[in-house]
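Colleague: I am new to this structure and would like to learn how to read its pockets, cavities and cores. Could we go through them in turn?

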Amino acid sequence: MSSPDPVTVEAELRETVYDVASELWERPELGLEEHEAARLLSGLLEEEGFSVDRGVADLPTAFVAEYGSGEPVIGILGEYDALPEMSQAVSARKEPLESGAPGHGCGHNLFAAGSLGGALGAKRAMESGGVEGTLRLYGTPAEELGVGKVYMAREGLFDDLSAAISWHPGWLASATRGSCLAVDSLHVTFEGTASHAAAVPEAGRSALDALHLLDTGIEFMREHVPDSARIHYAVTGGGGAPNVVPAEASGLYYVRAESREEVARLTEWIEDAAEGAAMMTQTEAIVDLVNSMYGLLPNETLADRVEEVMASVGSVGFDEADRAFAAELKSTLDPGTVENAVAAQGVDEATEAELRERALADEPVRTEGDEGVGSYSTDVGDVSWVVPTAQFRAPTWPVGTPAHSWQAVAAGGDFGREAAVYAARVVAATTVDLLSDPETLAAAREEFEERRGGRGYETAMTDSPPADRSELPY
Ligand SMILES: [Zn+2]
C-alpha cells in the first residue's frame with residue numbers, strides 16, 4: 001500500500017484554481033445554461049492534453065475529459081451551476097451585485113475550480129512518472145436542478161470507473177462517511193372545468209379543490225411514514241380569479257426517504273392520493289416525475305483514505321486578511337444558526353467550543369455528524385450507486401455558514417478560493433494514491449457490493465433530459 005502523497009499544487013496551478021473560481025463567480029450561470037463554464041473548463045483540460053467529449057448524455061453543458069489509458073480509471077466530479085436570485089458582492093453586508101441575478105450560493109464555482117485543479121495536479125503527477133491508468137474529469141451540470149448526473153449515470157458514463165472522487169464546499173474540512181435522503185420530485189396537475197363561480201357553479205369542476213384535497217391527504221399521510229421521510233410541496237398554479245372555477249391547478253412535491261424503495265412506496269401513495277382527489281372532485285390528475293435521485297451510498301474504505309490524505313495535506317493556507325473577512329461575515333450570522341450547525345457535527349465538547357469561537361475551521365476534523373443520514377439530497381447519490389465514491393467537505397465558508405446564503409456567495413468570491421486550492425490538493429493526492437493502490441480499490445469495491453446487497457442501479461427517469469429550464473416546473 002502506498003502512502004498518501006500530497007501532490008504539490010504548483011504556483012501555476014494555484015493561479016489556475018483562483019482564476020477559474022473567480023471567472024465562474026463573476027459570471028454565474030443557472031443549471032442547463034452553464035455554457036461559458038463548460039467551455040472554460042473543458043477548454044482548459046483540452047489545452048492540458050485531455051481528450052474531451054462535450055454534450056454527453058444529451059446534456060449540452062455536460063462533458064467528460066480523459067487523460068491516460070488502461071486501468072484503473074478514476075473519475076473526478078465537478079459542478080458549476082449557480083442559484084437564482086443569489087447575486088452578492090464580496091462584502092460583509094447583504095449587497096447584491098445585480099438585483100435578482102444568479103449567484104454562487106452553493107459554492108459550485110469553487111467546486112469546479114477545485115476539481116479542475118485536482119485533475120490537473122494528478123495529471124502532472126502521472127506525467128512525471130510512475131503512475132498509470134486513466135483519469136477523467138466529469139463536468140456535471142445542473143446539480144441544483146437534480147438533472148445532470150442522473151442522466152449521465154443512466155447513459156452508463158460512470159460504469160467503467162474504479163472509483164469516483166467528489167467534494168463540496170462547506171465550513172469544515174472532513175471526509176464524508178454518511179448518507180443522505182433519496183428523493184422523487186412530482187409535478188401534479190389537476191384539470192377541471194371552468195365556469196362562473198357564482199352564476200353557474202354547478203357547471204364547474206374545481207382543479208383547485210382537488211389540489212387542496214391532495215395536500216390535506218398528504219398532511220394525514222405524514223403520521224404514517226418513517227420518521228426520517230420528508231414530504232414538502234409548493235403550489236405552482238391555483239387559478240386566477242375567485243369568480244372563475246379554476247380549470248387548472250398544480251403543485252410540486254418532493255418526497256424524500258432513506259432508501260429508493262421507500263421513496264418509490266411514498267411516491268405511489270401520493271399518486272393514489274392524487275387519483276382519489278380527482279375522483280372526489282370529478283377532475284383529472286396528471287402526475288409527472290420530474291426528477292428522481294438516489295441517496296449517497298457511503299464507502300468507509302475510501303473515506304479512510306481521504307481522511308489520511310487530508311491529514312497529510314494539513315491545513316488550508318488562509319492568511320490574516322482571509323480570517324478577518326471570515327470573522328466579519330460570521331458576525332452577521334445568527335448566533336443560534338452557528339451554534340446549531342456546530343452542535344450538529346457531533347464532535348466532543350472541547351472541539352465544539354473551539355469551533356464555535358473560530359471564524360475558519362481550517363484543520364481536518366472527524367465528526368459523527370458525517371456518519372449519519374443527512375436530510376439533504378444530491379445527484380452524487382446516483383454516481384455512488386454505480387461506482388465506489390469518495391467525498392469530502394472543504395472549509396470555503398466561515399464556521400456555521402448555511403449553504404445558499406449571501407454569506408456563502410461573498411466567501412466564494414474571496415477566501416473560498418484558498419479552500420478550493422486545498423480541495424484541489426486533496427483531490428489530486430487522493431487520485432494519485434488510488435491510481436497506484438489496487439488493494440484499496442479492491443477493498444472499496446468489495447464494500448460497495450456488500451452495501452448494495454445485490455441491488456443494481458436503475459433510475460426511475462425514463463424520458464430525455466430537459467432541453468432547457470423552461471421544460472421544468474421549477
Ligand atoms: Zn451544492
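This is a predicted model: local features need pLDDT of at least 70, side-chain atom pairs count only at pLDDT 80 or more; totals for chains, interfaces and linings use all residues.

Colleague: What is the volume of the second largest pocket?

Modeller: The volume of the second largest pocket is about 280 Å³. Its lining consists of eight nonpolar, three polar and three charged residues. Strand β11, residues 284–293, provides the largest share of that lining, with three residues.

Colleague: Which residues line the second largest cavity?

Modeller: Glu-23, Leu-24, Arg-27, Pro-28, Glu-29, Glu-36, Ala-37, Tyr-80 and His-104 line it. Its volume is about 50 Å³. Helices α1 (11–26) and α2 (35–47) each supply at least two of the lining residues. The classes here are four nonpolar, one polar and four charged.

Colleague: How should I read a nonpolar core?

Modeller: In soluble globular proteins, nonpolar side chains tend to be buried together. Here the largest nonpolar core has 82 residues, and Leu-45, Phe-63 and Phe-392 have the most contacts inside it. Helix α13, residues 416–435, contributes the largest share of this core, twelve residues. A second, separate core has 34 residues, including Leu-77, Phe-158, Cys-180 and Leu-472.

Colleague: Which residues does Leu-45 touch, not counting those up to four places away in sequence?

Modeller: Leu-45 touches Phe-50, Phe-63, Ala-65, Leu-116, Ala-119, Leu-120 and Leu-137.

Colleague: One last residue, then. Is Pro-169 buried or exposed?

Modeller: The way to read this is by relative accessible area, where under 20% counts as buried. Pro-169 has 5%, so it is buried. Pro-169 sits in strand β5, residues 163–170. Beyond its neighbours within four places in sequence, Pro-169 is in contact with Cys-106, Gly-107, Leu-110, Phe-111, Ala-394, Thr-396 and Trp-397. Pro-169 and Ala-419 are 250 residues apart in sequence, yet their C-alpha atoms are 8.3 Å apart in space.

How values were computed
Residues are numbered from 1 along each chain as its sequence is written. Side-chain values use heavy atoms; hydrogens and water are left out. On a 1 Å grid over the protein atoms alone, a cavity is a set of points where a 1.4 Å probe fits but cannot get out, and a pocket is an open set with protein on both sides within 12 Å along at least five of seven lines; lining residues have an atom within 4 Å of a point. Grid points are joined across faces, edges and corners, and a volume is the space filled by probe spheres set on the points. Helices (H or I, at least four residues) and strands (E, at least two) are DSSP runs, numbered from the N terminus. Ala, Val, Leu, Ile, Met, Phe, Trp, Tyr, Cys and Pro count as nonpolar, Asp, Glu, Lys and Arg as charged, and the others, Gly among them, as polar. A nonpolar core is a set of buried Ala, Val, Leu, Ile, Met, Phe, Trp, Tyr and Cys residues joined through side-chain atoms within 4.5 Å. Buried means under 20% relative accessible area, exposed over 50%, partly exposed in between (1.4 Å probe, protein chains only). Contact means heavy atoms within 4.5 Å.
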